[in-house]
Number of protein chains: 2
Amino acid sequence: MISIDQALQIVLESALRAAPEPVPLADALNLVLAENIASGIDSPPHDKSTVDGYAVVAADLATGTARLAILEEITAGDVPHSKVKPGSATRIMTGAPIPSGADAVVMIEQTQIDETAVRPMVEVFDSPLRVGENIMPRGTSLRVGETVLSANQTIRPIEVGLLAEIGRTEVLAFRRPQVAILATGNELVPANRVPAPGQIRNSNGPMIRALVEQAGGVSNDLGIGRDEKEALATLVREGLNSDVLVLSGGVSAGVLDLVPEVLEMAGVETVFHRVQLKPGKPLWFGVKRQPSGNCLVFGLPGNPVSSLVCFELFVRPVLQKLRGHKPSGLERQEGILATEHAQQGQRPTYFPGVLSIEGARREVRTLNWQGSADQRSLTEANCLIYFPPGDRIFTSGTVVPIFLL
Amino acid sequence: MISIDQALQIVLESALRAAPEPVPLADALNLVLAENIASGIDSPPHDKSTVDGYAVVAADLATGTARLAILEEITAGDVPHSKVKPGSATRIMTGAPIPSGADAVVMIEQTQIDETAVRPMVEVFDSPLRVGENIMPRGTSLRVGETVLSANQTIRPIEVGLLAEIGRTEVLAFRRPQVAILATGNELVPANRVPAPGQIRNSNGPMIRALVEQAGGVSNDLGIGRDEKEALATLVREGLNSDVLVLSGGVSAGVLDLVPEVLEMAGVETVFHRVQLKPGKPLWFGVKRQPSGNCLVFGLPGNPVSSLVCFELFVRPVLQKLRGHKPSGLERQEGILATEHAQQGQRPTYFPGVLSIEGARREVRTLNWQGSADQRSLTEANCLIYFPPGDRIFTSGTVVPIFLL
């Protein structure tokens with residue numbers, strides 16, 4: 001049986017990012033760029049005023065005061081028509097282009113319009129200006145040809161804004177992986193049906209679908225596969241059209257655990273079956289090699305807690321890698337055990353736990369957990385607590401690694 | 001001018017959660033529940049086997065060994081037909097219902113089928129069992145009528161699974177707020193157009209749209225409103241049908257800063273205009289009271305950095321509250337200044353910064369920032385650094401509050 005680390009290395013080596021695709025900017029949030037982005041523009045595109053005021057010749061204000069003829073008014077979006085010469089000024093708004101001849105802008109608060117004059121005049125008081133004052137020169141922020149974003153950067157709202165500014169309404173990016181989900185088992189009925197005796201509702205399918213969406217994948221829920229080879233094979237073949245196929249159930253040693261056999265019949269190469277892990281030992285992993293792009297196939301154990309743990313340890317990092325992100329899995333932190341925990345057996349264990357933060361103190365307690373089928377107490381968990389293999393009592397106060405759910 | 005804290009208190013008091021709505025489970029991920037959820041089922045729905053093996057009468061294994069007649073085989077999804085009596089056993093799979101009469105399950109690994117017998121027999125070796133062993137009794141995980149989730153819990157993938165298990169394919173939850181976005185300014189053209197002289201592309205609209213989606217709102221981008229009262233009023237009236245209307249630009253003191261006037265004409269009550277904040281002072285906030293539900297209206301300054309800071313400080317907490325979450329805004333942490341920073345003036349300042357983590361050391365540096373229009377250097381930022389008002393040199397090594405972008 002392979003270790004968790006070996007299994008993770010194998011699944012990540014099998015996960016090959018698809019070629020990047022052009023993505024409309026409106027759909028690009030949280031994707032990873034696959035190209036360096038060069039600006040096609042200078043920004044600002046013109047010397048621009050950073051205040052509301054008057055564009056002037058700075059030399060006119062050597063003494064701090066002046067009386068100047070108003071030539072025109074330029075708001076943002078306008079273009080100036082007149083050249084500013086000594087003795088004249090142009091009313092200008094924030095963001096508007098500086099007229100030729102002007103080399104500074106005096107703020108509106110330092111001026112007053114002379115209502116009595118025949119021609120419009122402005123009085124400037126107490127405002128000596130240096131050349132360039134209140135002007136942002138063309139290209140200050142970015143220049144034509146300059147690389148402004150690099151391949152492998154994540155597109156956040158700020159980057160969306162910058163891409164819009166430079167007119168990139170489409171970018172090369174790594175698309176979200178398509179993930180097919182198939183719950184298996186004769187005992188399962190859809191959530192909207194009343195189970196007959198012996199049956200239960202399919203809860204893993206909806207949970208895995210939500211996990212996939214949370215991880216930035218695009219989910220395709222294939223529903224429930226009954227434990228019959230042909231029916232299962234049909235659904236599996238459909239699922240293999242995706243980047244990843246996640247099955248739950250059917251990978252243990254029961255007589256109806258048909259999943260590995262059906263997958264092999266469908267041409268999926270078994271890579272490993274069973275991992276030194278609790279819960280989640282029966283995990284099955286294989287790869288379907290095909291010209292349209294490989295499909296990674298995970299057979300998760302049918303118990304909800306095992307399913308969740310296997311998803312977080314192996315499927316989430318794969319989805320991160322396929323998206324171009326660092327495959328770091330859940331965020332790792334540390335907590336202080338609030339209760340004693342008896343660890344038994346040779347499998348490293350991820351135990352559902354509750355982290356509570358009081359000031360600087362980060363206490364974790366293990367949940368009163370009824371075994372790996374207990375979805376209910378799992379809803380109280382906000383982390384998985386890691387215990388290494390070996391029989392050992394972890395006393396309260398021990399610092400343990402935790403992984404935030 | 002009001003303070004940041006006063007402004008935040010006012011906007012949050014104005015943000016009233018809409019009545020909860022029924023939401024299909026498939027759309028409920030990350031929403032906040034608005035009802036207590038009681039289980040309609042016992043789980044497991046029957047006493048069930050937790051292993052693959054044989055359901056037996058424990059007393060038959062008092063010595064640890066037995067030879068038992070096999071009655072039938074029950075897989076998950078089946079129902080038992082025969083009562084297990086002393087001397088007999090039923091082959092059973094994990095999850096399948098325990099037949100009447102049986103009170104323990106012996107693991108398959110401890111058994112061997114007797115191939116030589118006329119009737120099917122199983123030999124059990126070395127497996128003394130206590131009553132109840134390898135059986136999970138009906139209702140262990142949850143019971144009919146029991147409250148399993150509470151109003152105000154966030155629906156994570158685990159909760160999606162539990163809701164599916166108990167057949168709740170629709171839940172009462174707080175829906176995502178509808179947020180209309182309107183960029184204003186004669187200088188703006190859409191990102192897919194080449195700006196004429198004096199024009200720039202609309203970058204705030206796409207950035208705010210991405211911020212809204214990141215914050216879990218549903219965006220409705222109204223595009224660009226020119227600085228003309230009637231055109232602006234038409235777009236504003238459309239935007240007022242949303243829970244929140246976010247405008248950018250047009251709230252400063254320029255001659256074409258028509259936004260406050262147009263909003264008032266449309267019946268939006270001014271709540272405040274200008275906040276003691278840098279950048280972002282011109283922020284405008286108002287409320288349109290209407291029978292269909294109030295619309296909160298934010299007029300963000302047109303500069304990208306001001307827009308971003310105002311969104312993070314005021315709009316994000318409002319969206320969090322409308323969704324039923326705690327309105328905590330961006331995550332606050334601390335960092336150690338790596339470079340000196342000279343703070344000036346009476347406005348508290350949020351300065352774009354870069355946090356870099358080396359081991360336990362969390363260094364932040366301020367960005368070389370060309371003023372609030374500089375979208376480009378903002379793409380290097382991963383946090384906002386807070387500096388309190390007053391003229392002061394913050395030497396390198398000072399611990400400062402930061403807010404993660």
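This is a predicted model: local features need pLDDT of at least 70, side-chain atom pairs count only at pLDDT 80 or more; totals for chains, interfaces and linings use all residues.
Visitor: Let's talk ring against ring. How many aromatic pairs are there over all chains?

Guide: The count comes to 10. Take A:F272 and A:F285, for example: their ring centres are 5.5 Å apart. Their planes meet at 35°, so the pair is tilted.

Visitor: Which strands do A:F272 and A:F285 lie in?

Guide: A:F272 is in strand β19 of chain A, residues 269–273. A:F285 is in strand β20, residues 284–288. The pair therefore ties together parts that are 13 residues apart in sequence.

Visitor: Are A:F272 and A:F285 buried or exposed?

Guide: Both A:F272 and A:F285 are buried. A:F285 also forms a tilted aromatic pair with A:F298. That pair is 4.9 Å centre to centre, with 45° between the planes.

Visitor: Where does A:F298 lie?

Guide: A:F298 is in strand β21 of chain A, residues 295–300. A:F285 and A:F298 are 13 residues apart, so this pair also links distant parts of the chain. Ring pairs join A:F272, A:F285 and A:F298 into a cluster.

Visitor: What is the relative accessible area of A:F298?

Guide: It is 0%, so A:F298 counts as buried. A:F285 has a relative accessible area of 0% as well.

Visitor: New topic. How much area do chain A and chain B bury between them?

Guide: About 5300 Å². Of that, 62% is on carbon and sulfur atoms. The contact takes 70 residues from chain A and 70 residues from chain B.

Visitor: Which residues in chain A lose the most area to chain B?

Guide: A:I158, A:R376 and A:T379. Together they account for 13% of what that side buries.

Visitor: Tell me about A:R376. Where does it lie?

Guide: A:R376 lies in helix α7 of chain A, residues 375–378. Its relative accessibility is 13%, so A:R376 counts as buried.

Visitor: What does the side chain of A:R376 reach?

Guide: It reaches the backbone oxygen of B:S141, at 3.3 Å. Sequence neighbours within four places aside, A:R376 is in contact with B:S141, B:L142, B:E146, B:T147, B:V148 and B:L162.

Visitor: B:L162, which helix is that in?

Guide: B:L162 is one of the buried residues in α2(B). This helix covers residues 157–165 of chain B. Nine of its nine residues are buried, so helix α2 is largely enclosed by the rest of the structure.

Visitor: What follows α2(B)?

Guide: B:G167 does, and its phi is positive, near 80°.

Visitor: Which residues are buried in helix α4 of chain B?

Guide: In helix α4, residues 229–239, the buried ones are B:L232, B:A233, B:L235, B:V236 and B:G239.

Visitor: What covers those buried residues of α4(B)?

Guide: The cover includes strands β14 (178–184), β17 (218–225), β18 (244–248) and β21 (295–300) of chain B. Helix α5 (259–265) of chain B is also among the covering parts.

Visitor: Last one. What domains does the assignment give for chain A?

Guide: Domain 1 is 4–18 + 175–322, and domain 2 is 21–43 + 141–174. Domain 3 is 48–136, and domain 4 is 332–404. The centres of domain 2 and domain 3 of chain A, taken over C-alpha atoms, are separated by 36 Å.

How values were computed
Residues are numbered from 1 along each chain as its sequence is written. Chains are lettered from A and ligands numbered from 1 in the order in which they are written. Side-chain values use heavy atoms; hydrogens and water are left out. Helices (H or I, at least four residues) and strands (E, at least two) are DSSP runs, numbered from the N terminus. Buried means under 20% relative accessible area, exposed over 50%, partly exposed in between (1.4 Å probe, protein chains only). A polar contact is a pair of N or O atoms within 3.5 Å; within protein, one must be able to donate a hydrogen and the other to accept it, and residues adjacent in sequence count only if both atoms are side-chain atoms. Contact means heavy atoms within 4.5 Å. Domain bounds come from an automatic or database domain assignment. Rings of Phe, Tyr and Trp (its six-membered ring) pair if their centres lie within 6.5 Å; planes under 30 degrees apart count as stacked, over 60 as edge-to-face and the rest as tilted. Buried area is the accessible area (1.4 Å probe) that two parts lose on being put together, summed over both.
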